[in-house]
Amino acid sequence: MNFNQFMAAFPDESACRQYLADRRWPDGKVTCPRCGNEKVWALKSRPFHWQCQQCNKTGYRFSVIAGTIFENTNYPLLTWFKVLWTILQSKKGMSSRQLGRMFFQETTSTRTPWYMAHRLRAAMRDEEFKQLMGIVEVDETFIGGKDKNRHWNKKTHVTGGEGSGKTGVIGAISRKGNVLCRIIENTDTATLDRFVRESVSDKVDLVATDEHSGYRFLKEYFPHEAVSHGKGEYVRGEVHTNNIESFWSLLKRGIIGQFHHVSKKYLPLYLAEFQFRHNHRKDADIFGAAIAGC
Ligand SMILES: [Zn+2]
């Protein structure tokens, strides 16, 4: 679907509301967002509004956006949809400044597209989690600002790795499958172990890592092989970490190229965005999947 086709699918606000209703309640059964009651009735005078009598005796009225991230916003659903569609299409990510230029008036605060994009990223975060199968690569990386750009009293004088002020991120990727990544506070064995045991199925065929000592106990739970990057070994048959490294480089290019500086506070949201896009890369209905999570 290109942008023209996308726009044709949503000629007006009412089309957006219908789409959202279909995604929220795929079986057509509208339920009260407050109490979950299924016996609500549509208000004839107000399209996409319903009333629940169970959680409020005088009737609780709610609209199709109640209980979604679109609630309490002054912006039409169509603007949200355009921002979401654009983020999902942009493999390297899209800066909020660019979104601002594309879809908002010059007088709009730069905070507005920034806020909307972050709400959408947060919605992508809560996807159902499945343990990874097949051949899984695990690797950790560090993301953050360059020391030379820091104010003098914030400089760490450590280049790369722990203690450099960068944020540690760990990820696991199933070849031809999904990726899972998250921030870690350190790269000790307990932290790495915990992540792998949570993310990877015990029916996995192989877990491939580099020689980081934190992975040395994995073989107690998984078929585990490591390549020794320190010795110049990058591929040994099936054993390599090329896929997770490609994911890291896409993520880093996105963050450095588009977002310039991402604080640790917001990094999980960018991780969610890149993870969601990767995990839905073959999904023709990636937009619908994202809307369903909103
Ligand atoms: Zn209710």
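This is a predicted model: local features need pLDDT of at least 70, side-chain atom pairs count only at pLDDT 80 or more; totals for chains, interfaces and linings use all residues.
1. Residues are numbered from 1 along each chain as its sequence is written, and side-chain values use heavy atoms, leaving out hydrogens and water.

2. The zinc donors on the protein are the SG atoms of Cys-32, Cys-35, Cys-52 and Cys-55, lying 2.3 Å from the ion. Donors here are N, O and S atoms within 2.8 Å of the metal (3.2 Å for Na, K and Ca). Along the sequence, their spacing reads C-x2-C-x16-C-x2-C.

3. Cys-52 is buried at 0% relative accessible area, while Cys-55 is partly exposed at 30%. Buried means under 20%, exposed over 50%, and partly exposed in between (1.4 Å probe, protein chains only).

4. Now to the sheet: three strands form an open sheet in the order 1-2-3, with antiparallel pairing. Strand 1 (41–42) and strand 3 (60–63) are at the edges with a single partner strand each, so one side of each has no neighbour in the sheet. Strands are DSSP E runs of at least two residues, and helices H or I runs of at least four, numbered from the N terminus; two strands pair if DSSP finds at least two bridges between them.

5. In helix 2 (residues 13–24), Cys-16, Tyr-19, Leu-20 and Ala-21 are buried. The buried residues of helix 2 pack against helix 3 (77–89) and helix 9 (286–292), where contact means heavy atoms within 4.5 Å.

Methods: The expected span of a helix is 1.5 Å times one less than its number of residues.
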